[in-house]
Amino acid sequence: MAKFKKRPVAPIYAIALVWIIFSLVHPLYRVSDYVTVILLSAVVFIVAKGIFPTVEYELPDPQPEEPQAEEAAEKPQEDAAEEAAPEEDPPSTGDPKIDALILEKDRALSEMRRLNEAIEDEVISHRIDQLEDTTGKIIDQVVAHPEKLPQIRKFMNYYLPTTLKILNAYDRMGSTGVSGENIDGTMQKIEVMLDTIVMAFHKQLDALFRDEAMDIASDITVMENLLAREGLSDQSPDHDH
């Protein structure tokens with residue numbers, strides 16, 4: 001408990017009142033007049049102090065602020081700082097074209113996931129799953145082999161963005177909740193078209209392995225001939241004419 005004292009102001013007012021009354025009744029011209037009023041003020045002050053004594057009282061000690069309250073107050077500020085902090089850029093491969101390709105891949109796959117969640121049709125959802133998986137594999141193959149970038153130029157510039165545009169149109173029309181000739185007809189065309197698009201994406205991925213397939217086929221042919229010449233294979237060796 002903390003102890004405090006409250007001193008009354010009444011004695012001060014009483015002294016002031018003495019000076020006012022004395023100066024009105026007996027103007028202060030001489031030194032003796034000032035001595036008289038000072039002595040009178042002292043007497044009045046002592047009397048007033050007896051009538052209005054100093055009051056002592058106690059108050060409880062102030063409680064320290066709880067740490068939890070401080071943490072709760074600081075947490076919103078920390079969360080706001082985290083939200084305001086800019087996202088870190090993805091690591092660079094050293095090739096600006098490949099960096100741009102990776103960024104475009106992330107955007108495209110993110111948009112496909114959003115559309116997949118928005119579109120409730122199970123068949124369309126399965127088609128989007130296939131497109132997302134194949135798109136990721138196509139771009140990952142080019143990232144691993146940058147020399148193949150020209151092979152997917154049309155895929156990145158036309159086929160992929162047009163596919164996303166078609167899927168967005170399907171999502172918008174389906175979300176209207178209205179059946180009509182234009183809406184129903186367009187949505188049916190998109191549903192049929194998606195089978196063709198999935199097949200085209202698969203062919204694009206397959207085409208990226210054409211050179212590798214040819215190299216492997218050549219290696220297999222050479223090995224088969226060598227094994228046959230050495231009598232290590234069931235196949236007959238080639239004969240020179």
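A residue is called buried when its relative accessible area is under 20%, exposed when the value is over 50%, and partly exposed in between, with a 1.4 Å probe and protein chains only. By this criterion phenylalanine 155 is buried, with a relative accessible area of 1%. The model examined here is a predicted one, in which local features need pLDDT of at least 70 and side-chain atom pairs count only at pLDDT 80 or more, whereas totals for chains, interfaces and linings use all residues. Residues are numbered from 1 along each chain as its sequence is written, and side-chain values use heavy atoms, with hydrogens and water left out.

The protein chain contains eight helices and two strands, which follow one another along the sequence in the pattern β-α-α-β-α-α-α-α-α-α; helices (H or I, at least four residues) and strands (E, at least two) are DSSP runs, numbered from the N terminus. Of the 241 residues in the chain, 22% are buried. Among contacts (heavy atoms within 4.5 Å) with a separation of 6 or more, 67% join residues 24 or more positions apart.

In soluble globular proteins, nonpolar side chains tend to be buried together. The largest nonpolar core of this model has 29 residues, and those with the most contacts inside it are Leu101, Leu131 and Ile152. Such a core is a set of buried Ala, Val, Leu, Ile, Met, Phe, Trp, Tyr and Cys residues joined through side-chain atoms within 4.5 Å. At least two residues of the 29-residue core are supplied by each of helix H4 (96-118), helix H5 (122-144), helix H6 (153-175) and helix H7 (181-207), and the largest share, seven residues, comes from H7. When residues up to four places away in sequence are not counted, leucine 131 touches Met112, Thr163, Leu167, Leu194, Ile197, Val198 and Phe201. Threonine 135, found in helix H5, is buried with a relative accessible area of 0% and, with the same exclusion of residues up to four places away, touches Leu109, Met112, Phe155, Leu160 and Phe201.

Two aromatic pairs are found in a search of the whole structure. Rings of Phe, Tyr and Trp (its six-membered ring) pair if their centres lie within 6.5 Å, and planes under 30 degrees apart count as stacked, over 60 as edge-to-face and the rest as tilted. The rings of phenylalanine 155 and phenylalanine 201 have centres 4.9 Å apart and planes at 70°, so this pair is edge-to-face. The two residues lie 46 residues apart, phenylalanine 155 in helix H6 and phenylalanine 201 in helix H7, and phenylalanine 201 is also buried, with a relative accessible area of 3%.

Six salt bridges are present in the structure, each defined by a side-chain nitrogen of Lys or Arg within 4 Å of a carboxyl oxygen of Asp or Glu. One of them joins the side chains of arginine 113 and glutamate 132 (2.9 Å, N to O); because arginine 113 lies in helix H4 and glutamate 132 in helix H5, the pair ties together parts that are 19 residues apart in sequence. Glutamate 132 is buried, with a relative accessible area of 18%, whereas arginine 113, at 41%, is partly exposed. Another salt bridge links glutamate 104 with arginine 107, the closest N and O atoms being 2.8 Å apart, and both residues lie in helix H4, about one turn of the helix from each other.
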